[in-house]
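Please look over the sequence and the 3D view before reading on.

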Amino acid sequence: MKYSRIAGTGSYLPQRVLTNAELETMVDTSDQWIRERTGIERRHIAGESETTADLAEAAARNAMDMAGVTAKDIDLVIVATTTADCVFPSVACLLQNRLGITNSSPAFDVQAVCAGFVYALGIANSMLRAGSGQTVLVIGAETFSRILNWEDRNTCVLFGDGAGAVVLKASDEPGIHSTHLHADGRYSELLHVPEGVSRGYAEMQQQAYVQMRGSEVFKMAVSKLSEVVDETLQANNIEKSDLDWLVPHQANLRIIKATARKLSMSMDNVVVTVQDHGNTSAASIPMALDVAVRDGRIKPGEKLLLEGFGGGFTWGSALVTF
Ligand code: COA
């Protein structure tokens with residue numbers, strides 16, 4: 001049986017930092033409200049000409065360096081994003097060209113909003129195990145700042161831009177043990193951007209912004225993440241205490257703490273970047289992973305639980321031996 005393992009991680013944050021203090025001058029909010037309700041202190045915002053593919057490329061190059069692979073080794077590129085540069089081609093195809101991958105291997109985007117990275121990881125793992133590749137680039141990259149209404153305090157304080165990447169390699173030892181992916185389209189209107197290409201470009205310019213019923217999303221996120229955590233432990237026949245690290249989607253510190261409590265896990269074993277990154281949607285999990293790998297907290301052989309929840313609703317998890 002062939003498995004896939006994470007051979008390298010990478011991330012990239014745009015230079016511009018937007019603090020809570022600055023947001024106080026833009027909408028009726030306060031640093032105290034944002035910190036207490038979300039844990040967010042600052043977030044990074046892409047420059048005017050900086051696109052999702054730019055962030056993705058920088059993160060991908062970092063991950064490839066750590067894994068010691070070059071363009072000719074990559075035989076699949078999957079990018080999780082909700083904020084692609086253009087309608088088409090996909091960010092994955094743009095990236096394949098920029099990285100100089102010319103071996104005609106497949107490249108495509110996955111759209112599952114904040115659960116996008118676990119979706120992409122699940123697909124990459126399945127394809128690799130089925131024999132469609134040896135070395136796979138999986139990226140979560142977003143410029144969510146472009147789909148925010150900067151006059152809506154309910155949403156504009158929550159999100160940020162960034163990109164995270166992993167290189168997966170075929171292996172005889174299990175790295176990714178299992179992934180668990182879910183969706184429930186009945187709740188789509190609780191968290192959505194209600195306009196888009198097929199509903200007309202004119203409207204798209206006017207209203208293509210994130211709209212969210214925050215407290216309802218919050219309750220569903222806590223409940224579905226709790227379920228998927230149980231599902232992951234049961235599927236792998238392991239105990240909570242077998243986990244070394246929780247690497248959660250970074251939407252809200254209170255949601256992260258609820259999942260940690262569910263796992264009886266000390267916050268010392270939870271990777272938290274929400275204070276510095278805000279919610280970067282599909283980019284948040286691989287960025288958090290990269291931070292904790294590079295600062296030496298996550299070590300080879302340790303067991304990680306990755307989980308995310310987002311619009312759709314979509315949610316999912318992965319159990320990984322790093
Ligand atoms: N600054 C100050 N007040 C704000 C505010 C802001 N930025 N945003 C909302 N408020 C106000 C609301 O208007 C409301 O006022 P009211 O009581 O006078 O109507 C009050 O704060 C409470 O709002 P509520 O939405 O009930 O707060 P909350 O405790 O649920 O926290 C969120 C709001 C958005 C932080 C929280 O619901 C959340 O994190 N939800 C999930 C978000 C998420 O995970 N989204 C993405 C999934 S990937």
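**Briefing on the predicted model**

Helix α11 is followed by G296, which has a positive phi near 85 degrees. The model is a predicted one.

**Helix α11**

- Helix α11 spans residues 284–294 and is mostly covered, with nine of its eleven residues buried.
- The buried residues of α11 are S284, I285, P286, M287, A288, L289, D290, A292 and V293.

**Residue M66**

- M66 is part of helix α3.
- M66 has a relative accessible area of 33% and is therefore partly exposed, since burial would need a value under 20% and exposure one over 50%.
- Leaving aside residues up to four places away in sequence, M66 touches A7, G8, T9, D290, V293 and R294.
- M66 and E50 are 16 residues apart along the chain, and their C-alpha atoms are separated by 24 Å.

**The sheet**

- Five strands make up an open sheet with mixed pairing, in the order β1-β7-β6-β4-β5.
- The edges are β1 (3–12) and β5 (107–110); each has a single partner strand, so one side of each is left without a neighbour in the sheet.
- On average, and with direction ignored, neighbouring strands of this sheet are turned by 20 degrees against each other.
- Strands of a sheet pair through backbone hydrogen bonds, and the pairing is either parallel or antiparallel.
- Strand β4 (residues 76–80) pairs with β5 in the parallel sense over four bridges, and A107 in β5 is the bridge partner of V77.
- β4 also pairs with β6 in the parallel sense, over five bridges; here the bridge partner of L76 is V136 in β6.
- β6 and β7 pair in the antiparallel sense over nine bridges, and the bridge partner of V136 in β7 is L168.

**Burial of strand β6**

- β6 is mostly covered, and nine of its nine residues are buried.
- T135, L137, I139, A141 and T143 point one way from β6, while V136, V138, G140 and E142 point the other way; all of them are buried.

**Helices on the sheet**

- Helix α3 (residues 52–67) lies across β1, β6 (135–143) and β7 (161–171), and runs at about 125 degrees to β1.
- Helix α4 (residues 91–99) packs on the sheet, where it touches β4, β5 and β6.
- The direction of α4 makes about 140 degrees with that of β5.

**Helices α8 and α9**

- Helix α8 (residues 214–236) and helix α9 (residues 253–262) have axes that come within 10 Å and cross at roughly 30 degrees.
- Angles under 35 degrees count as roughly parallel, which makes α8 roughly parallel to α9.
- The crossing in which α8 passes α9 is right-handed.
- On the α8 side, the contact is made by F218, A221, V222, L225, S226, V229 and D230.
- On the α9 side, R254, I255, A258, T259 and K262 make the contact.
- Sorted by class, the contact of α8 with α9 has seven nonpolar, two polar and three charged residues.

Definitions and conventions:
Residues are numbered from 1 along each chain as its sequence is written. This is a predicted model: local features need pLDDT of at least 70, side-chain atom pairs count only at pLDDT 80 or more; totals for chains, interfaces and linings use all residues. Side-chain values use heavy atoms; hydrogens and water are left out. Axes are lines fitted to C-alpha atoms, for helices over the stretch in contact, and angles run from 0 to 180 degrees between N-to-C directions. Helices (H or I, at least four residues) and strands (E, at least two) are DSSP runs, numbered from the N terminus. Angles under 35 degrees count as roughly parallel, over 145 as roughly antiparallel, 65 to 115 as roughly perpendicular and the rest as oblique. A crossing is left-handed if the near helix is turned anticlockwise from the far one by less than a right angle, and right-handed if clockwise. Contact means heavy atoms within 4.5 Å. Ala, Val, Leu, Ile, Met, Phe, Trp, Tyr, Cys and Pro count as nonpolar, Asp, Glu, Lys and Arg as charged, and the others, Gly among them, as polar. Two strands pair if DSSP finds at least two bridges between them. Buried means under 20% relative accessible area, exposed over 50%, partly exposed in between (1.4 Å probe, protein chains only).
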